[in-house]
Protein chains: 2
Amino acid sequence: MSELPTMTLAQLEPEGLDAEGQNWQQRKSIQTRLAILEAAIDCLQEHGFARTTTQLIAQMAGISRGAMLHHYATKQELIASVLEYTFFKRMEKFLAAIRDLPEDERVNRNAGIEIYWESLLTREFAAYLELMVAARTDAELREIFLPKARHYERAERAEVARAFPEWQDDPGAYELAMDFCIAGMQGLLLHRDIWEERERRVRLRAFISTAIVMLRSGALKTPGD
Amino acid sequence: MSELPTMTLAQLEPEGLDAEGQNWQQRKSIQTRLAILEAAIDCLQEHGFARTTTQLIAQMAGISRGAMLHHYATKQELIASVLEYTFFKRMEKFLAAIRDLPEDERVNRNAGIEIYWESLLTREFAAYLELMVAARTDAELREIFLPKARHYERAERAEVARAFPEWQDDPGAYELAMDFCIAGMQGLLLHRDIWEERERRVRLRAFISTAIVMLRSGALKTPGD
DNA sequence: AGCAAAAAGCCAACCTGATTGTTTGTTATC
DNA sequence: GATAACAAACAATCAGGTTGGCTTTTTGCT
């Protein structure tokens, strides 16, 4: 609703992983934590939330379970970190790709949408999706997921808005376009394996893209205006 | 691709639950199985796939775990039945509601889309979604899920096509509209708790509806034509 | 029709393996 | 010497599946 214009992705950067620590122990600790988080992503992506165990994560990270529980005392604590890490990492890559886009492709060819789609095909989003769905029913996870997810989405909107100045004169249409893009693309992702024919999925993405272009041009009126 | 025009939902009716058996044992067996399936739906909806255990299902069904394993020898077997049952039950209700719609509301007000949305808010779809997402990573579940899901979707398309004859002259647009509706609505469902403001979700549904109307009227061209 | 064997529905106890978190110990760094 | 990184063993719980037994219903035979 009242979006802080100063909200940036940088504010959401996971703590304790960023700066190269001064001493040996800090560097080692960060390195191990990153290995654990990456292993957790792999684990969530390959085996799903239901079969993601602390044992498996430690094994995939190449350390003992005891060592892992030294860095993340409980599974919950680890999952919370994975949540932050996956969202931040994916968004960082996505925004970088968006910003690297030539203005012509971004504005006229709607290339940002394909880049968003690609960001949904990453390991990071696969892990995030597992947590998003699990949070629908897992009360403990839900409590840590929902506030974070809402926060992330606000930051995402603000950052993307900065990358797409051509939408700035119609914030209502922009929010609708974002919601529409997110829902359509993530819905498509859910059906990726069910809808076998590739052309069909390509056509759907093209249609979503077309609808967004028309929304921006005003050809498709925002309902409620 | 080559859709059998004779495909009906009735062909997908779960076996062993339909007819009122002649003798006492058959009736009792069906009754218990239904209690188990309904309990499994509740369990998936409330606790998610990760925490859906045979113990919990039996407890919620009001029978012993031994009794349950008499009817469904393994958890996998049970899950496969839940899969069929949830899809069939939801689709049956959805199609009945669609068919009961006055032609004016269906054609001119696009009321079918709201009915589809309501079908996504059911216990049955919540359970189905859990299985759909779990099947992305669980190899065993995937093997039974994917063929069934593809089959179900084909039947769904054929049945809905029968209920929407006004689309019949443009099968390409119809398939795109179905894909678009499914992806958009299910994507919205995923974000239902994250996007707190109700108006925002209502607006998105209205936009999807508008886009579909324009697709039917030809105002939004099918990409690739 | 009557009766015994077979089968079905159901339950409780058991077994094996897996999971989480704790505790204890060892080595290297501060 | 205190602390941090790590490992291994331990304890408690809980998962899925098997077995044996009990009661009721069905079936087959006379």
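Analyst: Ala, Val, Leu, Ile, Met, Phe, Trp, Tyr, Cys and Pro count as nonpolar, Asp, Glu, Lys and Arg as charged, and the others, Gly among them, as polar. By that scheme, the surface near DNA strand C holds five nonpolar, 13 polar and two charged residues. The model is predicted: local features need pLDDT of at least 70 and side-chain atom pairs pLDDT 80 or more, while totals for chains, interfaces and linings use all residues. Residues are numbered from 1 along each chain as written, with chains lettered from A and ligands numbered from 1 in written order.

Elements giving two or more residues here are α1 (24-47), α2 (54-61) and α3 (65-71) of chain A, plus α1 (24-47) and α3 (65-71) of chain B (helices are DSSP H or I runs of at least four residues, numbered from the N terminus). The top contributor is α1(B), with four residues.

Two or more residues each come from α1 and α3 of chain A and from α1, α2 (54-61) and α3 of chain B. Here α1(A) supplies the largest share, four residues. The classes are five nonpolar, 13 polar and two charged.

On to the helices. After α10(A) comes A:Gly218, with a positive phi near 90°. Its buried residues (20 or more other C-beta atoms within 10 Å) include A:Arg203, A:Leu204, A:Phe207 and A:Ile208. A:Ser209, A:Ala211, A:Ile212 and A:Leu215 are buried in α10(A) too. Their cover includes α6 (111-120) and α9 (171-190) of chain A, and α9 (171-190) and α10 (198-217) of chain B.

One packing joins the two chains. α9(A) meets α10(B) at about 70°, with axes 10 Å apart (lines fitted to C-alpha atoms over the stretch in contact; N-to-C angles from 0 to 180 degrees). The pair is therefore roughly perpendicular (65 to 115 degrees). From α9(A), the contact (C-beta atoms within 7 Å) uses A:Leu176, A:Asp179, A:Phe180 and A:Ala183. From α10(B) come B:Arg200, B:Arg203, B:Leu204 and B:Phe207. Five of these contact residues are nonpolar, three are charged and none is polar.

Technical notes
Buried ≥ 20, exposed ≤ 12 C-beta atoms within 10 Å, placed from the backbone. Contact = placed C-beta atoms within 7 Å. Parallel < 35°, antiparallel > 145°, perpendicular 65-115°, else oblique.
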